[in-house]
Amino acid sequence: MERSLMITGYDTVLITAAPVDAGIRVMLDDLRGRWPNMLVALGGDHVGPFLPWRTTRAQVPAGAGEVYVARDAEMERRWDDLGYSLMEQAEGPFAVLYQSASQPAVEIQLNEDPYERRGFGFEPYPATLVTAGLSLVTLVTPDGDSTFSQGLLHALRQALVSQARG
């Protein structure tokens, strides 16, 4: 089924060395406790059908992929009309898109002290991130500020950290 799920949404990009597919499984396994009827569609060139998480769990691709998530069949049906928007219970559909970093290095700005030094003032400064062996992970949520979207970002971040520590 062709879908137009990429029209709206708020993108947050994470960069990680963790196995993204394993992190997504951890995140969605946890979310399934709140969303027992969760439906997931896997994508690439074409987005597959939405199926129960237990059916698609083992098929989350390693390396690169697209994972579209709806709380239930009703949210999935309304996704095309409402896009990535908060629906009932202040929740909405979301997606996790991921791939290997294609550039060997990118220029970034550090807004927080990566050395966690205490007692020193900090001014943001430029740095170079060597991306060899890293993956870019884009979380597409209804917005950037809601409790729901922030909770998804926290859950994905924690799941990736747990997999990086192995």
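**Sheet, helices, pocket**

So, strand 2 (residues 39-43) and strand 3 run antiparallel, joined by two bridges. Strands here are DSSP runs of E with at least two residues, helices are runs of H or I with at least four, and both are numbered from the N terminus. Across from leucine 39 sits proline 52 in strand 3.

Quick caveat: this is a predicted model, where local features need pLDDT of at least 70, side-chain atom pairs count only at pLDDT 80 or more, and totals for chains, interfaces and linings use all residues. Residues are numbered from 1 along each chain as its sequence is written, and side-chain values use heavy atoms, with hydrogens and water left out.

Zooming out, six strands make an open antiparallel sheet, ordered 1-8-5-4-2-3; strands pair if DSSP finds at least two bridges between them. At the edges are strand 1 (10-16) and strand 3 (51-52), each pairing on one side only.

Now aromatics. The whole structure has six aromatic pairs, meaning Phe, Tyr or Trp rings (six-membered ring for Trp) with centres within 6.5 Å; planes under 30 degrees apart are stacked, over 60 edge-to-face, the rest tilted. One of them is tryptophan 35 with phenylalanine 94, tilted, 6.1 Å centre to centre with 45° between the planes. Tryptophan 35 is in the loop between helix 1 and strand 2 and phenylalanine 94 is in strand 5, so this pair ties together parts 59 residues apart in sequence.

Last, what lines the largest pocket? Ile15, Ile108, Gln109, Leu110, Asn111, Glu112, Pro114 and Leu129 do. A pocket is an open set of points on a 1 Å grid over the protein atoms alone, where a 1.4 Å probe fits, with protein on both sides within 12 Å along at least five of seven lines; lining residues have an atom within 4 Å of a point. Strand 6 (residues 105-110) gives the largest share of that lining, three residues.
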